[in-house]
Amino acid sequence: MIFITGMLAQKVSLHEIVRRCKEKGKLIVLGGPYVTSTIEELPYADHIFQGEAETTLPQFFEDLERGEAKRTYKAPERPPLAITPVPDFGLVNLKRYSNMSVQYSRGCPFSCEFCDIIEIYGRVPRTKSNQQMLAEFDALKQLGWRGPLFIVDDNFIGNKKNVRMLLPDLIEWQKRNGYPFSLLTEASVNLADDDDLLIAMKDAGFRRVFLGIETPVEESLKEAQKTQNRGNLLDSVRRIQSRGMEVMAGFIVGFDNDPDDIFERQIEFIRESAIPMAMVGMLNALPDTQLWRRLEREGRLLGADATGNNTIATVNFIPKMDVETLISGYQRIMKTIYKPSEYYRRALDSLQRTPQDVPEAHQYHGIKAVTAFLRIAFKLGVLDAERREFWRFFIEAARKHNDRMTELLRHAAMAYHFRKLNESYGDT
Ligand code: B12
Ligand code: SF4
């Protein structure tokens, strides 16, 4: 029996995996965000789980034992996370991962028009208990994991009251264990308004946070119902950076209210904010979102299909802006911000703005560190056409931040990754 999960953006490979497993005569069980949120015809599977599986999976096993397993299981309501078991991290080959994941909460209290999180996981953020979280931290530590640990919440500060109670325990755990994990997560921009929370996150070992900034244009934020992104967004980013956390962020073009100079404004904002990893996408409507329903009412949806990938320069609705202008503008943003000189400048500025007291936990020690350095230096500093930019960045960064070598190399690798990814999309 093969259990398969997937996001909308992975549907093509998911269909392919299902087909291959079926050919081998296996029983297939499907679950995850794609089968939960799509309105398309699902691939053939013996059992399909829609929604969260904390209560339906135990039910399935009971039914299976009795020989009465059903084709579909749909969670009647969103389960409390108190019943989520500690994942069996021992099944994972840790060597193949750059990050490990744990989840503290699901759901988000905001109401952004394009967001499917609130449709899938709800607007009342549910959290695990502190004990559950520490048990997951313990389990990963016991297995020997050291380095980045991604708290894969939709919005880590969605339930601020509980987060405030969690952080002192995380701080204590990290101190007691010598900070084996460097934490990263996703949060809404209003994190910047709460300095106590920022300080507690810094003390708990948070090094990076992903924000949904989306756009510097006020009218477009209003249209997206992104009311939490108010005030001076550049200042908000700076405040978070000043507490030692690198800011990563999502940006979107293609809102109805986007002005003609949106592309230049996004480039300028990304430059000024010193956000090295800016995930820029074109607005796309995901099924069963408020945006989807509005565009359907307005007769602007282009078919009932969605790729779920907003970074391949396509739109699935009729935008207000001329499509050609939108696509070429989007590509201009990507080409500009991922030019090595631009990425490295932002990385240097970000390092400067994110002071650290303790070195970041990582997996690269001894011979592994030397090998990682040599591989990056050979590929980016010898073979690559942009090698001059690499050395310029590396020398300046190492001169100013020689205690943050893992970060420097991560930035170099990321710059290369994004440039190559961008080139692979070409001009389509
Ligand atoms: C971490 C994360 C990532 C990480 C993944 C790292 C990794 N190695 O796992 C990274 C950053 C790489 C990532 C990338 C992307 N992501 Co992402 N990601 C997440 C996030 C925040 C957490 C995922 C997670 O671990 N959840 C914890 C588990 C426990 O929850 P769960 O998957 O829902 O599982 C529960 C049920 O669904 C069910 N279940 C799930 N699978 C199965 C399978 C079976 C057989 C059964 C029985 C039950 C079952 O049981 C679980 C317990 O209840 C989610 C948001 C979220 N809340 O899940 C978005 C999310 C999954 N990502 C999303 C998107 C859009 C993307 C990107 C396409 C973004 C982009 N434009 O590039 C890329 C795709 C990358 C790719 N091509 O593969 C969307 C998917 C939307 C959709 N409808 O499909 C989500 C929902 C967030 C969002 N709305 O933006 N992502
Ligand atoms: S803040 Fe993020 S997760 Fe919350 S509703 Fe808006 S887009 Fe969705």
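Colleague: Which residue just after H7 takes a positive phi?

Modeller: Gly 205 does, with a phi of about 95 degrees; helices (H or I, at least four residues) and strands (E, at least two) are DSSP runs, numbered from the N terminus. This is a predicted model, in which local features need pLDDT of at least 70 and side-chain atom pairs count only at pLDDT 80 or more, while totals for chains, interfaces and linings use all residues. Residues are numbered from 1 along each chain as its sequence is written, chains are lettered from A and ligands numbered from 1 in the order in which they are written, and side-chain values use heavy atoms, with hydrogens and water left out.

Colleague: Which residues of helix H7 are buried?

Modeller: Buried means under 20% relative accessible area, exposed over 50%, and partly exposed in between (1.4 Å probe, protein chains only). In H7, residues 195-203, the buried ones are Leu 197, Leu 198, Ala 200, Met 201 and Lys 202.

Colleague: How should I read the surroundings of ligand 1, and which residues are the closest?

Modeller: A residue is near a molecule if one of its heavy atoms lies within 4 Å of it. Ligand 1 is surrounded by 31 residues, the closest being Gln 10, Glu 54, Asp 116, Tyr 121 and Asp 154. Strand S1 (2-5), S2 and helix H2 (33-37) each supply at least two residues of this shell.

Colleague: What polar atoms lie by the nitrogen and oxygen atoms of ligand 1?

Modeller: A polar contact is a pair of N or O atoms within 3.5 Å. A nitrogen atom of the ligand is 2.6 Å from an N or O atom in the side chain of Asp 154, and a nitrogen atom is 3.3 Å from a polar backbone atom of Gly 32. An oxygen atom of ligand 1 is 3.4 Å from an N or O atom in the side chain of Arg 106.

Notes:
Polar contact = N/O pair within 3.5 Å; in protein donor to acceptor, adjacent residues only side chain to side chain.
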